Amino acid sequence: MSSTIETRTRRESCRPRIKARFLGESATAQFVRFVIVGASSNVLYAGLFVALSVLGSFTANIIGILGSTILANELHRRHTFHAAERVGWFQTQWEAGGLALVGLALGTAALAAVHVLFPGSSALVQVVVVIAVSAATGALRFLALRGWVF
């Protein structure tokens, strides 16, 4: 019984340190939050893409990227970089959105390549390819957001 109490006590004493590290301003803490926001926005992207794929994959891709990018930019401003007091919503969308255009171009090119190389591929395959390209450009986007926008 005492080992259970001891384990719980150790766990509870670690929580404030873990929380402080996660909410801190170090590059590592910001990158962890950046990845969590990116994963969340990719879930939104996938949902929009699949729901709108009846409009065509290119239309669904553009709407999915726009919706998920607006959400991600705002979450990065508020939570990843704690910049809500320093950077306004419009400035965030303008500058971070400009960076997202690079991702849009690369994602659209990858989607075109899938259509050429694997005609008739499922929406799931197309989503995986676009998200893979998004992940590959994510590190560069993090550095640009951290150093330039926020």
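Analyst: Let's start with the aromatics: Phe31, Phe34, Phe81, Phe142 and Phe150 form one aromatic cluster. Bear in mind that this is a predicted model, where local features need pLDDT of at least 70, side-chain atom pairs count only at pLDDT 80 or more, and totals for chains, interfaces and linings use all residues. Residues are numbered from 1 along each chain as its sequence is written, and side-chain values use heavy atoms, with hydrogens and water left out.

User: How many aromatic pairs does the structure hold, and what makes Phe81 and Phe150 a stacked one?

Analyst: There are seven aromatic pairs. Rings of Phe, Tyr and Trp (its six-membered ring) pair if their centres lie within 6.5 Å; planes under 30 degrees apart count as stacked, over 60 as edge-to-face, and the rest as tilted. Phe81 and Phe150 have ring centres 5.0 Å apart and planes at 20 degrees, so this pair is stacked. The pair also links distant parts of the chain, 69 residues apart: Phe81 is in the loop between helix 3 (57-80) and helix 4 (89-117), Phe150 in the segment after helix 5.

User: Why is Phe81 called buried, and why Phe150?

Analyst: Buried means under 20% relative accessible area, exposed over 50%, and partly exposed in between (1.4 Å probe, protein chains only). Phe81 has 3%, so it's buried. Phe150 has 15%, so that one is buried too.

User: What makes a group of residues a nonpolar core?

Analyst: A nonpolar core is a set of buried Ala, Val, Leu, Ile, Met, Phe, Trp, Tyr and Cys residues joined through side-chain atoms within 4.5 Å. The largest one here has nine residues, Phe34, Phe81, Ala83, Val87, Ala96, Phe142, Leu145, Val149 and Phe150. Its largest share, three residues, comes from helix 5. Apart from it lies another core, of eight residues, including Ala60 and Leu104.

User: How do you know that helix 3 falls short of a straight helix?

Analyst: Helices (H or I, at least four residues) and strands (E, at least two) are DSSP runs, numbered from the N terminus. The expected span is 1.5 Å times one less than the number of residues. Helix 3 has 24 residues, and a straight helix would reach 34 Å, but its end C-alpha atoms are only 30 Å apart.

User: Where is confidence lowest, and where is it highest?

Analyst: pLDDT is the predictor's confidence in each residue, from 0 to 100. Helix 1 (residues 2-23) is lowest at a mean of 69, and helix 2 (residues 27-52) is highest at 93. The chain averages 86.
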